[in-house]
Amino acid sequence: MKTLRLLGLGWVFQLKMLMQSAFDGFLGVLWPLFFATVAFLMFRTSGDPKTLLYASLGASVMGVWSSTSVAASSALQRERWQGTLELLVTTPAHFSLVLLPITIAMSTIGLYSMVATFLWGRLLFGIGLDIVHPFLFVLAIPATIVSIGMLGFLLSVSVVRYRTAWALGNALEYPVWLVCGFLVPLSLFPGWVRPISWVLAPTWGVRAIRSAALGGSALREIALCLALGLVYALIGILLVDTVLRSARSRASLSLT
Amino acid sequence: MTAARIFLIGGLTSYRALFGWLTPWILIPSFLVAPLFQILLFAYIGRAANLESDRFYVIGNALQYAAVPCLFAMGNTVSGERQQHTLPLVLATPANRLALFVGRALPVIVNGFLVAAFGLAAGCVMLGIHVPASALAPLVLVAAVTAFSCTGLGLVTAALALRVRENAVTSNVLFGVLLIFCGVNVPLSALPDWMAEVAGGLPLTHGIAAGRELAAGASLSSTAGLIATEALIGVAYGIAGYALLRLLEVESRRRATLEVA
């Protein structure tokens, strides 16, 4: 019960803080819209409304990843700058229980962008959102957000020794958009790209959302998305211990 | 002589001190990896949408990515000083303001040019695009002029940084506007008329058009008009940016907001 309370309150507090930030809040919504607009303008030329809907569904997840990749990769560095990292590490709760809600809140902020992308597509490009399986669609969205948050958790732990990790998070934005098939069908890529996309939860998340909206069975994709999210979380939890042990023995926890 | 020193040495010192992206840990992902993936992203969307050739996207996105250093580094010339608490000291000096601010722009132009040139070269190699040998030198000129005009817009963002706290947000928004409007990925003819009109007054639009014509085999003389327009737009933004810097400097003194904005 205590664990759930910690996760829930951590998520709420972090979400409130992110909402106050112009960079994470305002830009988090606007940034993916720039790319969605270009994609809509490009796909509009094909004249096929299905292509536009395909792009709209994919573009909606772009914002979830964007709000996670940069913020999560610099999550620990941010705590360091604020002088709160030592306090968080020394709490009796396992550090991963503190960090997980932070990164999931980051991906949750992407919901704004998701809604904004659908509205933008509807109002400016006339992209109707007729969802075939509304229940599965509603199920696929949180599954995608949570698993992307868990990927962010793994990312934040993996790059803890990289002091300017935000740059890596920034550079990872396009590759994930590309490789996970947000806007481009995976069949267009060379064969070696596909196995990479299979181990990335956003691939299954966007597939689940598309299947639910367009009429496929999204349950398998949702399950795969969540399973991969759990794997990321498990690897992250194992890494946290190693990273903290190393930081304590080198007395480098607060070094920026 | 003092103004020349401020322009050259001061500009370079300020760039090295304030543009914290020069470490390889930031420079490689931001200036080498990200532009390549932007090129790939739009080239593949272009293939999926069956819109334009790969060459169209390589030239558009490589030149557009010059906007990243041009906008962010110029914004940092003010917000970086503020962060270091040196902005009031810099603005309290009797230094020639033109030399002070334009000197800071020179290394940024070189940075923007190198990013665009790398994007062009690596993008062509990655996607197997053939560019005529005769177009290489003119393309270098186009990359330089485009970086110059983007830096003109960067000077405006530097001025805005005197009033706007979240300078990174301003730069990101401008980057997005350039991405949509300047015909980077969508031909101007496919954009609504008002967007094409706006594009005519933005940096990048004419540079990208010139780059595409050159890569398609046009001569430098036939694209001279586009290149000159791009340069003129850069000059116009540079003048506007400098005027805005002076205006907001005076305003910041009057309101005592130099360190607050």
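The model is predicted: local features need pLDDT of at least 70, side-chain atom pairs count only at pLDDT 80 or more, and totals for chains, interfaces and linings use all residues. Residues are numbered from 1 along each chain as its sequence is written, while chains are lettered from A and ligands numbered from 1 in the order in which they are written.

**Chain B**

Chain B holds 11 helices and zero strands. Helices (H or I, at least four residues) and strands (E, at least two) are DSSP runs, numbered from the N terminus. The radius of gyration, taken over C-alpha atoms, is 19 Å for chain B, close to the 18 Å of the globule rule for 261 residues, so chain B is as compact as a globular protein of that length. That rule is 2.2 Å times the number of residues to the power 0.38.

| Property of chain B | Value |
|---|---|
| Span of the C-alpha trace along its principal axes | about 55 × 40 × 35 Å |
| Buried residues, of 261 residues | 54% |
| Contacts with a separation of 6 or more that join residues 24 or more positions apart | 82% |

A residue is buried if 20 or more other C-beta atoms lie within 10 Å of its own, exposed if 12 or fewer, and partly exposed in between; C-beta atoms are placed from the backbone. Two residues are in contact if their C-beta atoms, placed from the backbone, lie within 7 Å.

**A helix pair in chain B**

Helix H3 (residues 54–64) and helix H10 (residues 205–215) of chain B have axes that come within 9 Å and cross at roughly 140°. Axes are lines fitted to C-alpha atoms, for helices over the stretch in contact, and angles run from 0 to 180 degrees between N-to-C directions. H3(B) is therefore oblique to H10(B). Angles under 35 degrees count as roughly parallel, over 145 as roughly antiparallel, 65 to 115 as roughly perpendicular and the rest as oblique. Residues of the contact include B:Phe56 and B:Ile59 of H3(B) and B:Ile208 and B:Gly211 of H10(B).

**Where the chains meet**

The contact takes 29 residues from chain A and 31 residues from chain B. On the side of chain A, H2(A) gives the most, with 13 residues.

**A:Ala213**

A:Ala213 sits in helix H11 (residues 201–214) of chain A. It counts as buried because it has 23 C-beta neighbours inside 10 Å. A:Ala213 and A:Leu57 are 156 residues apart in sequence, yet 8.3 Å apart in space, C-alpha to C-alpha. Leaving aside neighbours within four places in sequence, A:Ala213 is in contact with A:Leu57, A:Ile131, A:Val132 and A:Phe137.
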